Amino acid sequence: MHSEPRLPQQSRMFIVLVALAQGGLMYVAQKGQELGWPLLGALGGRVCWYTLVLTVPTMMTLSVVHLGDRRFWQHVAATSGLFLALAAGAAWTATGAPGLSASAVLAPFGASVALCAFVLLPWLQCRLEHGHWRAPYPALFEHAWQNTLTLALAALFTGICWLVLHLWAGLFSLVRIDFFRDLFREDAFAMLATGAMAGLGILIGRTRQRAIQVARQILFAIFRGLLPLLAFIALLFMASLPFTGLQPLWETRSAAALLVSVIALLVLFLNAVYQDGGDPPPYPAWLRRLVQAALAVLPLYAALALVAIGLRVHQYGWTADRVWAGLLTLLASAYALGYAWSALRGGTWLRPLPRVNQALSWLVIGIAILANTPLLDPHRIAVASQVKRFEQGLTSATDLDLAYLRFESGRRGYRAALALREHPAFIDSRVDRDTLEEVLSRNRRWGREPTTADTRRDEAGLRAHIQVAEGSQSPDDVWWHALAGGDRCQRPSPCVVLTPDLDADGQSEILLCEVNWPGGGQCLLYARTADGEWPAVAQTPLWHGTADTRIDLIERLRAGEVSSVQQPWPDLRIGDGPTLRLDPLEH
């Protein structure tokens, strides 16, 4: 079994100091954001900072052996340049417009960079150990699992340390000594302490090989016991499809995810059982054939997952999430084909598996990198797909997901939404044009848009913004002046004013309806008093079910299609109690 080279004392101190510095750099980023420093005050700078701070030092602490090793510092420089370039691209995509959902860009970016670093690290460790890139598979296998369990141990160690600190603070708080509680809550202490704890946890994992080996043996024993069961489930499901048909798969929204999960679990469990290939084949012969049969049908799982994604793309086009799902499914398909080939080839049990894993690891690294470059950028592909479907007439201006382009597609989506202002479909339709302008003017996708002194409309602005419905008269100056003193119709949402005679008394009331985005809204009823004032006397919400679509609701209000409906039965009051409404029963 491969063993970790003995760490010199200087390297052990280096691991803890790097982890401590990592915590300190995280604190610097937080303070820079709060104080608006030139680099860290902007989101783009923080993306680059956090990417470097979270990846490179972690890889350093997991791989360092001798501080004087020239190849180690080459790795530091190369990975720093690589991740900085990828972070700069993600930062560019996540910025450049107000209100962009940065998490829609940065969450998959962070996951892909972490995956890239994790798969790349064993190759770097083998180069440090052997001096070349021709890494033996047992060493790659050993380093990969060593890194996984070391990080898990570091997380566990950090959590236990914080529990002890909370106990410390709680004990002294019992006697009204709050110094330790206040100290532990300080951001600087928390980040520096977490960094030091994580560094000590990594050091323990790298120097206490016996503990890691025991944990790995327990974990592998669990996987070894579950692999035949998982193989049986995979075969049973595939055997049931001729009787159930494929239509139930296509009717769900999670078919591809579940199918890919089967492939991923079989790959994980099989690698834990196969290990580095040096041990005798596990299980009796009939169980090995069961596992091989499950591996042989993995390409069918991959094919079904690809079809499931393809159907969604055919219906609705690409989105960034579907591009990421497609890339993951392509990776799963490559693993499925490689593992099926290993299972079906004769000779020693799964003999080709090491070569398959080595080749596929570079495929994972390549896709993780390319997906964060313009070549395979999911947001570029998604925006191009949505715009192309719109231009080809597959999606109407009303059905085009403007909110997705504006908020969830990064800088490219925002620019594509801006370009729609010049498209004839939006120029010719006032409703679609107003919806586009409303979406573009918002700084957040969900929730009420706040108004400021700079954006607040005066009386003239309200008259220009609020549309008088067909067949209605513009309210008098008293109403407009009073409206300007409130907060109605101050947001970009469409507003329509109507003047129906709802109570049939010969005098018109004023009904002001604001249709919020993406749905819903409110209508407020004003009735004139004897002294000529217009107080609000009633209100009603507008929900999604008020009309077929939001566009239809706006058009009906602008057309003045509002009428009163008499209740079939009057309201009741018992004594001096509240009013009770009689709702008709359906028969």
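Q: How many disulfides does a search of the whole structure find?
A: The search finds two disulfides, a disulfide being a pair of cysteine sulfur atoms within 2.5 Å. This is a predicted model, in which local features need pLDDT of at least 70 and side-chain atom pairs count only at pLDDT 80 or more, while totals for chains, interfaces and linings use all residues. Residues are numbered from 1 along each chain as its sequence is written, and side-chain values use heavy atoms, with hydrogens and water left out.

Q: How far apart are the sulfur atoms of Cys 489 and Cys 495?
A: They lie 2.1 Å apart, and the two residues form a disulfide. The torsion about their S-S bond is about -115 degrees, so this disulfide is left-handed.

Q: And Cys 513 with Cys 523: left-handed or right-handed?
A: The disulfide of Cys 513 and Cys 523 is right-handed, because the torsion about its S-S bond is about 110 degrees. This pair links distant parts of the chain, ten residues apart: Cys 513 is in strand β3 (residues 510–515) and Cys 523 in strand β4 (residues 521–526). Strands are DSSP runs (E, at least two residues), numbered from the N terminus.

Q: What is the pairing in sequence order?
A: With the bonded cysteines of the chain numbered that way, the pairing is 1-2, 3-4. Cys 48 is in no disulfide, and the nearest cysteine sulfur, that of Cys 116, is 16 Å away.

Definitions and conventions:
Helix = DSSP H or I, 4+ residues; strand = E, 2+ residues; numbered from the N terminus.
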